[in-house]
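Work through the exercises below with the model open. Try each task before you read its solution.

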Amino acid sequence: MAFMDKLNDFTKNVGDKANDVIETTKLNNKISSEKAAIVDLFKQIGERSYAKYAAGEATDSDNSELFAAIATHSATIREAEEKIKAIKEAPAAAPAATPEAAPETANASLVICPACGKQNQPEARFCCGCGGKLEAVEQPKPKTCPNCGTAAEEGMLFCAQCGTKIE
């Protein structure tokens with residue numbers, strides 16, 4: 001029964017890590033969309049200011065609602081970044097009582113041997129514990145902006161830095 005308890009603990013730890021990754025990804029997507037909204041607001045400010053300049057009018061007071069919206073988006077970004085920091089700094093679950101008898105806790109960057117459960121570096125082709133062949137884990141290639149090269153997160157349709165459409 002002790003083995004099953006340890007296996008359940010291992011499974012729970014892996015599930016918790018997966019939930020943390022999912023939550024972090026959602027927060028990063030939120031940050032990206034908030035940054036894109038700020039870029040759009042800055043664009044509107046520029047367009048308004050130029051139109052007033054071209055007409056020979058004053059340009060200072062008409063953008064106050066856009067400045068307030070930028071402050072709101074910036075606060076949302078800070079909150080999401082703080083949540084990500086809290087997730088990353090959260091203490092890991094306690095290890096099993098006898099680590100040599102329990103399956104090793106999975107690390108997102110490590111490859112677990114299907115034969116013996118030993119952790120291996122991602123580039124390893126054979127297990128360091130039993131010598132068995134490891135299946136290659138293909139990492140998804142991150143999307144980048146075709147214009148400026150900025151990394152694009154999953155779900156982004158436009159670059160947060162330059163506004164170019166992400167293909």
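## Exercise 1: The nonpolar core

The largest nonpolar core has 11 residues: L27, I31, I38, L41, I45, L66, I70, I77, A80, I84 and I87. The model is predicted.

**Task.** Find which elements give two or more residues to this core, and which gives the most.

**Solution.** 
1. The most comes from α2, with 6 residues.

## Exercise 2: A second core

**Task.** State how many residues the second core has, and name some of them.

**Solution.** 
1. This core is separate and holds 6 residues.
2. Among them are C145, A152, M156 and I166.

## Exercise 3: Contacts of I87

**Task.** List what I87 touches, leaving out residues up to four places away in sequence.

**Solution.** 
1. I87 belongs to the largest nonpolar core.
2. With those sequence neighbours set aside, I87 touches D20, E23, T24 and L27.

## Exercise 4: The salt bridge

**Task.** Locate the salt bridge and describe the setting of its two residues.

**Solution.** 
1. Searching the whole structure gives 1 salt bridge.
2. The pair is K12 and D16, with the closest N and O atoms 3.0 Å apart.
3. That distance passes the test, because the cut-off is within 4 Å.
4. Both residues sit in helix α1 (residues 2-55), 4 residues apart, so about one helical turn separates them.
5. K12 has a relative accessible area of 54%, so K12 is exposed.
6. D16 is at 32% relative accessibility, so D16 counts as partly exposed.

Terms used:
Residues are numbered from 1 along each chain as its sequence is written. This is a predicted model: local features need pLDDT of at least 70, side-chain atom pairs count only at pLDDT 80 or more; totals for chains, interfaces and linings use all residues. Side-chain values use heavy atoms; hydrogens and water are left out. A salt bridge is a side-chain nitrogen of Lys or Arg within 4 Å of a carboxyl oxygen of Asp or Glu. Buried means under 20% relative accessible area, exposed over 50%, partly exposed in between (1.4 Å probe, protein chains only). A nonpolar core is a set of buried Ala, Val, Leu, Ile, Met, Phe, Trp, Tyr and Cys residues joined through side-chain atoms within 4.5 Å. Contact means heavy atoms within 4.5 Å.
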